[in-house]
Amino acid sequence: MERPVWADLAEPLGPLPALEGHHEAEACVVGLGGTGLAALGALVQRGLRAVGLDSTVVAGGAAGRNGGFLLAGAADPYHRVVATLGRPRAAAIYRATLDGLLGMAAETPESVALTGSLRVARSEEEALDCQLQREAMEADGLPVEPYDGPEGTGLLFPADGRFQPVARCRELARRLLAAGASLHEHSPVVAVEGGRVATTRGSVTCRWVLLATDGGLPRLVPAATGAGGVRSVRLQMLATAPAADRGWLRPVYARWGLDYWQQLPDGRVVLGGGRDRAGEEEYTEQQRTTATVQGHLDRLLREELGVEAPVTHRWSGIVSYSDSGLPLLGRVGPGVWAAGAYNGTGNVIGTLCGRALVELALDGRSEVAEVLAGPVPAGR
Ligand SMILES: Cc1cc2nc3c(=O)[nH]c(=O)nc-3n(C[C@H](O)[C@H](O)[C@H](O)COP(=O)(O)OP(=O)(O)OC[C@H]3O[C@@H](n4cnc5c(N)ncnc54)[C@H](O)[C@@H]3O)c2cc1C
């Protein structure tokens, strides 16, 4: 079944009505994943009239199709970020995401668990890289420990965690609806001009348009593909029925982060990765599973991890990657701001960027954006 396991395990929401006819609001947010819901939360907190639109459903994109890892830091390991951006900026990014993670746990404690996460090495070269990462993190007082356990040998990041991504998004949507936000599913945005957002069956006139479409950014902000080097990428996963307890207490990143898995408290194993096995084929915005990548995941599940429980779910999701390894976050045209390109680790950073979008649009500056944002393409 091409459906993420998370959607089946979370309390249902909605359905929410499609946008019909013409509406006026102060702000319109496109995308109801973690980023868009965070932006809407910040708008509602300021007492503004906000409309949220999604072409599918709440958490229908990557926010409901991911591995459920809550990781501090940028997408690259800490010592590499130090090498490219310097120590002060790398440390500031790490600390901002640590705060973001704690904020998510406090906001929706029922769907977040601060278990820590692991990076395990699958080669001598990777073990050496773990060592370099540990030294750089320790030098800056960041939380890291050496690890040796049933998952392998590597590093433990005690401040990280995991969450039920669909349960969290649906809960945030329920709170937004209760606070008066207007949320619309099955409302694909077909045109964005300063002050006006058009869907297939309606439109919204507003002062601020905030695009929170991660994997869909290259389509809505074509300039991003050139200047920001932003490309859509497909990531794939599977989930099993409850399996025997493996003693894996935390989400695991292995093989340079190209493979990742966790065992949920009910015993299900949720496993993703293998993007590199299919090369250029995975640079796409087509959401579907493929035999090449799913074959890799099957081998990893059965041969390397020794899990025997049947596979119940297979799915894919679309994200976007940037050349800089940092998110696209900023003004992309008159009255239009965008956030995305989280390079495959957008659960925490996306939440921070959603709030930063609102600060940038309304206040003209955001401390978080100054820390997190990569290059932004010139405004249209
Ligand atoms: C398989 C997989 C595993 C991952 N694992 C992890 C992980 O463990 N940890 C981690 O931190 N990150 C992970 N990620 C990345 C993370 O899921 C994303 O970076 C994050 O969810 C992005 O959230 P978002 O709200 O910005 O985007 P999305 O959740 O993709 O939301 C964007 C929304 O915009 C909507 N949309 C797009 N175009 C339009 C349009 N024209 N009109 C209206 N609506 C539109 C989409 O329907 C979608 O709902 C993973 C991603 C995938 C796919």
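## Basis for the helix spans

The expected span of a helix is 1.5 Å times one less than its number of residues. The model discussed here is predicted.

## Helix 2

Helix 2 covers residues 34–45, which is twelve residues. From its first C-alpha to its last, helix 2 reaches 16 Å, close to the expected 16 Å.

Buried positions in helix 2 are Thr35, Gly36, Leu37, Ala38, Ala39, Leu40, Ala42 and Leu43. Just after helix 2, Gly47 adopts a positive phi of about 75 degrees.

## Helix 4

Helix 4 spans residues 87–107 and has 21 residues. The distance from its first C-alpha to its last is 30 Å, close to the 30 Å expected at 1.5 Å a residue.

The buried residues of helix 4 include Ala90, Ala91, Ala96 and Ala105, together with Ile93, Leu98, Leu101 and Met104. Tyr94, Thr97 and Gly100 of helix 4 are buried as well.

## Overall fold

The chain contains eleven helices and 21 strands. Its C-alpha atoms fill a box of roughly 55 × 45 × 40 Å along the principal axes.

Of contacts between residues at least 6 apart in sequence, 74% join residues at least 24 apart. Buried residues account for 59% of the 380 residues.

## Surface and charge

The accessible surface of the chain is about 15,100 Å², and 52% of that area belongs to carbon and sulfur atoms. The chain carries 36 positive and 43 negative side chains, with the centres of the two sets 4 Å apart.

Methods: Residues numbered from 1 in each chain as written. Predicted model: local features only at pLDDT ≥ 70, side-chain atom pairs only at ≥ 80, totals over all residues. Heavy atoms only, no water. Helix = DSSP H or I, 4+ residues; strand = E, 2+ residues; numbered from the N terminus. Buried < 20%, exposed > 50% of the residue type's maximum accessible area, 1.4 Å probe, protein only. Contact = heavy atoms within 4.5 Å. Areas by Shrake-Rupley, 256 points an atom, 1.4 Å probe, with all protein chains shown as cover. Lys, Arg positive; Asp, Glu negative; His and termini not counted. Charge placed at Lys NZ, Arg CZ, Asp CG, Glu CD.
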